Amino acid sequence: MRKLEEEGNTRLMTLFSFRSCFDGAVPPTVADPAALGTAAFRAVSYCEPFRAASAYGWYLYPPLDCFVKWDGASFRWLAEGCPDWLPLTEVAAQTMLRVRDGEAPDDDPVLGLPVFSAAPEPGLLQVWTGLVARTPPEWSLLVRGVPNLPGSLTYEVQDGLLESGWWHGPLVGNLRFRRTDEVVRLSRRYPLFAVQPVPSEAYQSRTLRHMEFVPADSDSLSETRQMIADALAVRDDDRPGGYRREVARRRRADETPDAKAASPQ
């Protein structure tokens, strides 16, 4: 969130917007530093890199409860409450979801969008969350698996970067199945993807080219050793979590009196 002061009052401007396209879509939730309670106590209590990575972004959910399986050649799916498995090549929104606000016009573009879509590549299934996203032009969204949450042995989530500053189409993710004839349950109560905001400049080739590798020669080794010594200095006692305490100290120091005064209570 950006803090803007207007006429002596502070208001919050939304940077990232997620919009639902039908009633089945689940609102995103802020990611959990404890990885939905699956993380070890020591990781949550002392490991700031783990906590920060786990809490970065939002969880996204499938738009309905169902079961999916892949037999090595094709997909089949079973909606909760239905008795029979059905072939899955492309399942459109109008097939299984009630569109918001009752009857939608025939030319509604949402009706024809696939919620599930089997790709031509073997074992690849695309899932639409039922959401579209909008970010400022200088931001993109990284769609990936949920950080630090144990994944499925049957499939993996493929990473994808969406330039959501200008493209406001369906917010989708890809599942690549690696085991056959195993049933996967997709639940609206359990996150399927994570989405993380990324500055668009960060992954441009012109940015990535500004990298250097410094070999361990006599000129650089002393400087490298001093960098390591400075980093380890935060562990000035035997207590665990020195890095986390240093991060918290630096964040407090970065808060100017004006920023503290403008923060909502």
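Is serine 164 buried or exposed? Serine 164 is buried, with a relative accessible area of 2%, where buried means under 20% relative accessible area, exposed over 50% and partly exposed in between, for a 1.4 Å probe and protein chains only.

The legends below describe a predicted model, in which local features need pLDDT of at least 70 and side-chain atom pairs count only at pLDDT 80 or more, while totals for chains, interfaces and linings use all residues. Residues are numbered from 1 along each chain as its sequence is written, and side-chain values use heavy atoms, with hydrogens and water left out.

**Figure 1. Overall view of the protein, with its 7 helices and 17 strands.** Helices (H or I, at least four residues) and strands (E, at least two) are DSSP runs, numbered from the N terminus. Of the 265 residues of the protein, 35% count as buried. Contact here means heavy atoms within 4.5 Å, and among contacts between residues at least 6 apart in sequence, 67% join residues at least 24 apart.

Figure 2. Once neighbours within four places in sequence are left aside, serine 164 is in contact with Ala133, Arg134, Thr135, Trp139, Ser140 and Leu141. Serine 164 and proline 137 are 27 residues apart in sequence, yet their C-alpha atoms are 7.4 Å apart in space.

**Figure 3. The largest cavity, whose lining includes Ser164.** On a 1 Å grid over the protein atoms alone, a cavity is a set of points where a 1.4 Å probe fits but cannot get out, a pocket is an open set with protein on both sides within 12 Å along at least five of seven lines, and lining residues have an atom within 4 Å of a point. Grid points are joined across faces, edges and corners, and a volume is the space filled by probe spheres set on the points. The structure holds 1 cavity of 30 Å³ or more, and about 40 Å³ of space lies in the largest cavity. Its lining is made up of Ala133, Leu141, Leu162, Ser164, Trp167, Gly169, Pro170 and Leu171. By class, these residues divide into 6 nonpolar, 2 polar and no charged, with Ala, Val, Leu, Ile, Met, Phe, Trp, Tyr, Cys and Pro counted as nonpolar, Asp, Glu, Lys and Arg as charged, and the others, Gly among them, as polar.

**Figure 4. The largest pocket, with a volume of about 370 Å³.** The lining of this pocket has 17 residues, of which Pro150, Gly151, Ser152, Tyr155 and Leu192 are the closest to its centre. Strand E13 (155-158) and strand E16 (184-186) are the elements that give two or more residues to the lining. The lining of the largest pocket comprises 11 nonpolar, 4 polar and 2 charged residues.

**Figure 5. The largest nonpolar core, a set of 36 residues.** A nonpolar core is a set of buried Ala, Val, Leu, Ile, Met, Phe, Trp, Tyr and Cys residues joined through side-chain atoms within 4.5 Å. Val68, Trp77, Phe116, Leu125 and Phe177 touch the most other members, and strand E11 (residues 124-134) gives the most to this core, with 6 residues. A second, separate core of 7 residues includes Val26, Ala31, Val146 and Leu149. In soluble globular proteins, nonpolar side chains tend to be buried together.

**Figure 6. Phenylalanine 177 and threonine 154, which are in contact.** Beyond its neighbours within four places in sequence, phenylalanine 177 is in contact with Val68, Trp70, Phe75, Gly123, Leu125, Thr154, Tyr155 and Val184. Threonine 154 is found in the loop between strand E12 (139-144) and E13, and is buried, with a relative accessible area of 7%. Not counting residues up to four places away in sequence, threonine 154 touches Arg176, Phe177, Arg178, Arg179, Glu182 and Val184.

**Figure 7. Aromatic pairs, of which the count comes to 8.** Rings of Phe, Tyr and Trp (its six-membered ring) pair if their centres lie within 6.5 Å, and planes under 30 degrees apart count as stacked, over 60 as edge-to-face and the rest as tilted. Phenylalanine 18 and tryptophan 58 form an edge-to-face pair, 5.3 Å centre to centre with 70° between the planes. Phenylalanine 18 is partly exposed, at 22% relative accessible area, whereas tryptophan 58, at 17%, counts as buried. Tryptophan 77 and phenylalanine 116 are also edge-to-face, at 6.2 Å centre to centre and 70° between the planes. Tryptophan 77 lies in strand E7 (residues 75-79) and phenylalanine 116 in strand E10 (residues 114-118), so this pair ties together parts 39 residues apart in sequence.
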